[in-house]
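Subject: Structure handover

Hi,

Here is the structure for your files. My notes on it follow below.

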Amino acid sequence: MTVPWPPVPDDDPLDGLRAALAGAPCGYEPASGYEDRCWLLHTIHDGPVRLRWDDVLARSGRRLADWPGPPSHLVFEGVEGAAELEGPDPAEMDRACLARLVGHLVRHGRQGPDTPCGAAQAPVEGLPGGAGTLVARRGRLGDALAHHDACNGPGAVSDHRFPATWWAADGDWLVLTDWDLSATLVFGPAALVAALLADPELDAVRRPGIAEALGRPR
């Protein structure tokens with residue numbers, strides 16, 4: 001039986017990340033500590049058809065590789081027909097992509113579906129429920145989809161949606177969804193990132209991290 005990730009007390013150190021998470025409303029981006037990283041671009045649909053970002057950009061002769069910033073819905077401004085498409089979601093990946101990601105994390109993790117995870121969402125100014133303190137939870141990796149469903153269903157268990165930052169408690173990997181970028185950044189072992197990039201069911205790309213792309217100090 002799978003269960004949503006339960007909340008943790010305010011004194012839980014969150015594997016040494018509590019202060020960094022509380023200071024990163026849109027999600028915590030680590031500066032080091034992982035072998036590799038890649039972006040998972042949130043899904044775009046044209047009716048039942050899933051489109052890759054570059055397929056949409058090609059309508060106006062553009063490529064994501066030419067975009068100077070981190071992956072963002074802003075890249076589609078002025079692209080022919082983009083306004084009529086569904087997605088990309090600015091706050092979380094869709095369930096099908098989350099399931100693919102969880103599958104890769106399970107296969108590459110030392111404890112598989114039993115990997116202990118932490119998850120956190122700092123208050124985001126201007127969003128419903130944005131006032132307050134850090135919302136943090138813990139649970140099994142194998143319960144990530146159950147938690148996603150609870151976040152998005154009736155009587156949602158979270159102040160917002162699926163947590164902006166979640167990670168393996170042993171420090172093996174970390175997943176970040178920045179609230180306004182429409183893409184998810186995955187940090188982890190080189191083999192994990194290579195598998196994500198090779199998965200035909202994911203729109204995974206190599207792009208600079210948020211701080212690097214925006215010229216922010218680390």
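**Helix pair and sheet**

Helix H3 (residues 95-108) and helix H4 (residues 144-152) have axes that come within 10 Å and cross at roughly 160°. Axes here are lines fitted to C-alpha atoms, for helices over the stretch in contact, with angles from 0 to 180 degrees between N-to-C directions. That makes H3 roughly antiparallel to H4 (angles over 145 degrees count as roughly antiparallel). The crossing is right-handed, meaning that the near helix is turned clockwise from the far one by less than a right angle. H3 contributes Arg95, Leu98, Ala99 and Val102 to the contact, and H4 contributes Ala144, Leu145, His148 and Asp149. Contact means heavy atoms within 4.5 Å. The residues of this contact divide into five nonpolar, one polar and two charged.

A word on provenance. This is a predicted model: local features need pLDDT of at least 70, side-chain atom pairs count only at pLDDT 80 or more, and totals for chains, interfaces and linings use all residues. Residues are numbered from 1 along each chain as its sequence is written, and side-chain values use heavy atoms, with hydrogens and water left out.

Helices (H or I, at least four residues) and strands (E, at least two) are DSSP runs, numbered from the N terminus. The open sheet has seven strands in the order S5-S4-S6-S7-S8-S1-S9, with antiparallel pairing. Two strands pair if DSSP finds at least two bridges between them. Strand S5 (135-140) and strand S9 (204-205) are the edges, each pairing on one side only. H3 lies across strand S1 (36-41), strand S6 (165-168), S7 and S8, at about 25° to S6.

**Strand S7**

S7 (residues 174-177) is joined to S8 (residues 183-188) by four bridges, running antiparallel. Leu174 has Phe187 as its bridge partner, and Leu176 stands opposite Leu185. S6 and S7 pair over three bridges, also in the antiparallel sense. There, Trp166 partners Val175. Both faces of S7 are covered: Leu174 and Leu176 are buried on one side, Val175 and Thr177 on the other. Buried means under 20% relative accessible area (1.4 Å probe, protein chains only).

Each hairpin has five residues between the strands. Gly171 takes a positive phi near 80° in the S6 and S7 hairpin. Ser182 takes one near 60° in the S7 and S8 hairpin.

**Val8**

Val8 sits in the segment before helix H1 (18-22). Val8 is buried, at 16% relative accessible area. Its C-alpha is 5.2 Å from that of Arg137, 129 residues apart along the chain.

Best wishes

How values were computed
Parallel < 35°, antiparallel > 145°, perpendicular 65-115°, else oblique. Nonpolar A, V, L, I, M, F, W, Y, C, P; charged D, E, K, R; others polar. Buried < 20%, exposed > 50% of the residue type's maximum accessible area, 1.4 Å probe, protein only.
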